[in-house]
Amino acid sequence: MSDIQTPENGDDKGNTDAFNGAKLEFPITFHLKAVLDASLSNEEHIKNIEDTLNKLNIENKYLSCNVSSKGTYTSYHFEVTIISKSQMETMYDNIKKLSGFKFALWSKE
């Protein structure tokens, strides 16, 4: 999860603790935002993300997508339920391998 950005500098590649010491209790449901470039259609990107989550047995629900103002990137929003830290790490590792991947973020809501 080295692709975590912070408000202070926009990029904190030296920080390996994405949760800043906070302890997560699993299972946890949160919103995943994956930003990908326009190399594939929205339908293809959504299918690729869903396939990745489903292969990992991650309960998920597609919520929406937003295209950037210049149309270069699209953010895809999913609600996901993760059952363990290792499953979360595997999810991020697999999401990062998707064609056109730029970054992924999560939030409780």
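Reader: Why does threonine 52 count as buried?
Author: Buried means under 20% relative accessible area, exposed over 50%, and partly exposed in between (1.4 Å probe, protein chains only). Threonine 52 counts as buried because its relative accessibility is 11%.

Reader: What sort of model is this, and how are residues numbered?
Author: The model is predicted: local features need pLDDT of at least 70, side-chain atom pairs count only at pLDDT 80 or more, and totals for chains, interfaces and linings use all residues. Side-chain values use heavy atoms, leaving out hydrogens and water, and residues are numbered from 1 along each chain as its sequence is written.

Reader: Which residues is threonine 52 in contact with, leaving aside neighbours within four places in sequence?
Author: Threonine 52 is found in helix α1; helices (H or I, at least four residues) and strands (E, at least two) are DSSP runs, numbered from the N terminus. Contact means heavy atoms within 4.5 Å. With those neighbours left aside, the contacts of threonine 52 are Asn94, Ile95 and Leu98.

Reader: Which residues of helix α2 are buried?
Author: Helix α2 covers residues 85-95. The buried ones are Gln87, Met88, Met91, Tyr92 and Ile95.

Reader: In what order do the four strands form the open sheet?
Author: Two strands pair if DSSP finds at least two bridges between them. The pairing here is antiparallel, and the order is β2-β3-β1-β4.

Reader: How many bridges join β2 to β3?
Author: β2 and β3 run antiparallel. Valine 67 stands opposite threonine 74 in β3. The number of bridges joining β2 to β3 is eight.
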